[in-house]
Amino acid sequence: MALTVPPSSAVRGLPAQSRRSSPASASTRGGAPGPGGLADLPAVHTMIVCADLPSLAVSAEHGQLTGRGLEGFYQAGRRLLSRCVLRVAGREPVPVQGRLAAADRARFMAVVRTPGDIGPDPGVAVERIRTADGTERITLCNSAPRPLRISVEITLGTDLADLGAIGAGRPGPELPASVHGSGLRWTTGGTHAQVSADPPPDDALASAGLLRWEMELPPGGSRTIELRVRTERVVRSAGRTGGCPLPEVSAEGDDPRVGELLRTSVDDLRSLLMRDPAHPSDIYPAAGVPWRCGLAPAEALWAVRMALPLGTRLAANTLRTLARTQEARSGRIPGPFRDAGPHLPAGCTGVEATLAFPVVLAEARRWGLPEQDLAELLPAAEGCLDWLRSAAGGGVYVVDPGSGGLRRAETQAHAHRAALLGADLLESCGRPGAEGWRQWAADLRRAFREEFWLDDRAGGRPSAARTGDGRHVPHLDGTSVHLLDTGLLGAGQLAPGLLDKVQTEQLVRLLGGPAMDSGWGLRGLGAREVAHNPFGHRSGAVRVHETAVAVSGLAAAGYEKEAGSLLRGLLDAAAAFDYRLPEMFAGEQRTADSTPLPHPAACRPAAVSAAAGIHLLCTLVGIRPDAPAGTVRLVPVSSAPLGALRLSGLRVAGEAFAARVGRLGLGMVEEAADSLQLGG
């Protein structure tokens, strides 16, 4: 999801900045949002989205492509086919079911009553298998005890519009077709799309965009028509080829939902993988479908960090791709501005990505990143640390660029983590500066605990930010979970956090209370805060990635009750979304008879929410590797909130890894590289 606001929108006297990148700017093609921003985006929460980037198929549940809204086949951000309406025996089939069969494939079932049918039972079933790559197989099955001769008509059309223009409500007129081979073709400018049919139609009428067959169906027999949508550009899927960096994994346990969550999460993440056009061997995750089918640096790093249990190849590819974008002089990784909710101006995701880069590299090393990759990427990580030193300006806080001195708590958490894991990385690689970064992090901890903590009668809370003139921005929001995410060091140890023990315990109480825990996951803004909106992207909706970070942070700090509550709520929500978690959903309070409410503009699938499913299950097993030292440590959640759980097909030190946690919370490694020993 994306949003821009006019630059005149100032928040509490702070300089205003663009809230988020436009939908089109994060997609693979151009086009700007309409003047209404989000109001112009077609709703996607009821759509069935097949993804295998750079290809998409977006359908309504009935399966007919009518040209309305986002419906259609897409490739590289352009709609190749917007209309594909099927008629059998002169009528549209009656839809009975539409669902995803896999991340890149949907199945639609419908029935047709023929004139000879007696009673209410339809004699013909119609199955449509639609895949993101532009293929559709339509199969008609005759259940009647007599042969049937029926007409089959498919009406096709397209506008060849950019996804950005469609999102902004400017799709353009439908183009005229011409008969081409065994189908139809459309052309505008230098672009064309064509649909071929097998078997070829008996009749093709370009003026109506119509393909027509007369078919003989014997009793109990079936016939299939296959449509292929193509354009002049041949694209390769990154997630469905031999070069895919994600392995086949599985989960099983007392809770039968864990297997489906892991399978769907990995399948969704695989469907979002993209190739760097200039370096096609490097594959990275796009942010999400349909609005953000391109590289979003901060979210890509979050996704690959949470997916490290699947191996380090995706992280290395993504880090390489981002290193090529790094500003040579400053060391900063560029990124767009992003909405920060009603209480703060937009934040720069480039800052977040710059601070995440050395963290991901350091943790990937612990998971077994090859030395060659480490040596190649280390200079970029050092460049990020150089930017951090410059941004701190000799002080202990990182100030928002051009903000008049705004210091966000979330940014300080990212900076603190980058300093400690960056120091670990530098020391391990024989590079200077490690002790200086540890000292800077210690100074930041001392200052933060004193200056960012707001005492009150309820026990206090961390301030979300401090303004340039020293005022607190006191609201409680989901970004506070980053204060619990400290990062992995050697020997399976976690880095220290910004908060002391008493402050951590109070934050845990707040996160586990009803104002933040919706029952389905963690709200982006507390329910009692001013301007709370359960559908607000940063003002009350449940952001799946933040909930997953909260679960792992709470568990690591020893607060398993609160971690288990958020985990079970999010797992229940995942089941309601058929395990394809959106980037966010409404933060409405859970009741006995409620289900989670979708956000109409949320990306689904989204890289961070897909990776969050992986992260949640691995948190329960508590895998903490140190591949350079040849050890792996298990620190499972001892309360075993989902009962027994086994994960297999993971990768540690470049080889297969399997582990389980029992009902009593005891962990066991079942498969690992010969070079690894179980740590304490």
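Biologist: Axes are lines fitted to C-alpha atoms, for helices over the stretch in contact, with angles from 0 to 180 degrees between N-to-C directions. At what angle do the axes of H3 and H12 cross?

Modeller: Roughly 20 degrees, and they come within 8 Å. H3 covers residues 297–306, H12 residues 607–621. Helices (H or I, at least four residues) and strands (E, at least two) are DSSP runs, numbered from the N terminus. This is a predicted model; local features need pLDDT of at least 70, side-chain atom pairs 80 or more, while totals for chains, interfaces and linings use all residues. Numbering starts at 1 along each chain as its sequence is written, and side-chain values use heavy atoms, without hydrogens and water.

Biologist: Which residues of H3 make the contact with H12?

Modeller: Glu299, Trp302, Ala303 and Met306. On H12, the partners include Ala607, Ala611 and His615. Contact means heavy atoms within 4.5 Å.

Biologist: Where does threonine 595 lie?

Modeller: In the loop between E29 and H12.

Biologist: Buried or exposed there?

Modeller: Threonine 595 counts as exposed, because its relative accessibility is 55%. Its C-alpha is 23 Å from that of serine 59, 536 residues away in sequence.

Methods
Buried < 20%, exposed > 50% of the residue type's maximum accessible area, 1.4 Å probe, protein only.
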